[in-house]
Each structure stands twice: as structure tokens, then as C-alpha cells.
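Good morning, colleagues. Please look at the sequence and the structure on the screen, and I shall then speak about charged pairs and about a pocket.

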Amino acid sequence: TSGPGDLWAFLMSACFVDFLVKMVYNKESTSQEYKKFIKDYLSLINPLYREFEYTVGNKRDLPEQMYHVLRCGIIHSYSLVPDSMSEKNNGRIRSIMLGQTRNGNTHFMKYDQNGYDTVIFTVENFAEDLEKVLDKIFIDLAPNDCTLANNIIQWVTKYPPIMQKDI
């Protein structure tokens, strides 16, 4: 059955992160801007986006894994497996897995069994964090940062977001 924790919600959340990156920097996103957005903005909502530590090698590279798995994997390949270019740039297979709180998963839960070194993202909490970061950008940051405000205005003027229009 389809519901608030299905794959489509993850796909849309992953796409929304890429939109936010483009909007705050007013340019097409690259791997550098994407990772910078995670570290500079999303980590304001939850520091684990920047500080999560994987079990093997104590790596703190979640922003990189989000780029390789969520952006390059889910959005571009419809897969949780990074493509060959991402693997060459330290993207790890299944470094992020998708779950739902309604199925007993916890956001940022480590899963290091069966050869995996994974962080679980729950769709409910991930989508909630994206809503919070959007509010943070528009309510707290942009009113006090002319560059950010101008970037947002320029991007959404050039590329208006999808919205419903009553006819």
C-alpha cells in the first residue's frame, strides 16, 4: 500500500534537497554546493547531517554519501547504489537506507550488520527536517542576509517552483 512513508516521498524529498541547493546558491547544483548545503543549512536542523559517524573507519562523510546516494543514486539512477562515477568518488553502496518510523525505524539509526555500514533515514523525519530547513531559510536567514535573499528571488523568478494554479 502507498502511504506517507512510501518510496515516492523519499524521491520527492531527495529532489527537494537539490531544489533547495539551487535556490540558496542561485545556480545549478554541483557536488560541492550540494555537500555545502547539507553542512551549512540542513545541519542547523540536526547536527547529525554533518556529524553522523559511520562504524567502519569512523567516517563523518554523510553529506558526501547523501550526494552520491540521494542525488546521484535515487534521483538520477532510481537506486540506492551509487553509479560508477560516484563510487570512484567515495560513494559507498547502501551507505544510506530508507525506512519508516511506522515500521519501527529511527532516523539516523546505525545499521552495521550483514556487511552494511549504513545510516537509516526515515521518510517522516527527513521530510520534516526539510520543512524545518525551508522555514529556517525563509524566516530566520534570508531576511538578514541580502545575498541569500537575492539568490532565492533570482532563482525562483527564473525557475518558478511547481505549484497548483486554479483555472
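Which side chain meets K27 in a salt bridge? The partner is E33, with 2.8 Å from N to O. Please keep in mind that this is a predicted model.

Let us consider how each member of that pair is placed. K27 has a relative accessibility of 41%, and therefore counts as partly exposed. E33, by contrast, counts as buried because its relative accessibility is 12%, and the cut-off for a buried residue is under 20%.

In total, the structure holds 11 salt bridges.

I turn next to a pair within one helix. The side chains of D40 and K36 form a salt bridge, at 2.5 Å from N to O. Both residues belong to helix α2, which covers residues 31-45; because they are 4 residues apart there, about one helical turn separates them. D40, at 34% relative accessibility, counts as partly exposed. K36 is also partly exposed, with a relative accessible area of 43%.

D18 and R71 form a salt bridge in which the closest N and O atoms are 2.9 Å apart. This pair links distant parts of the chain: D18 sits in helix α1, residues 7-25, while R71 sits in helix α4, residues 62-77, and 53 residues separate the two. Are D18 and R71 buried or exposed? Both D18 and R71 are buried.

In general, rolling a probe the size of a water molecule over the atoms shows where empty space is left. In this model, the largest pocket contains about 340 Å³ of space.

Which element gives the largest share of its lining? That element is α1, with 6 residues.

Thank you for your attention.

Methods:
Residues numbered from 1 in each chain as written. Predicted model: local features only at pLDDT ≥ 70, side-chain atom pairs only at ≥ 80, totals over all residues. Heavy atoms only, no water. Salt bridge = Lys/Arg side-chain N within 4 Å of Asp/Glu carboxyl O. Buried < 20%, exposed > 50% of the residue type's maximum accessible area, 1.4 Å probe, protein only. 1 Å grid on protein atoms, 1.4 Å probe; cavity = no way out; pocket = protein on both sides within 12 Å on 5 of 7 lines; lining within 4 Å. Points joined across faces, edges and corners; volume = space filled by probe spheres on them.
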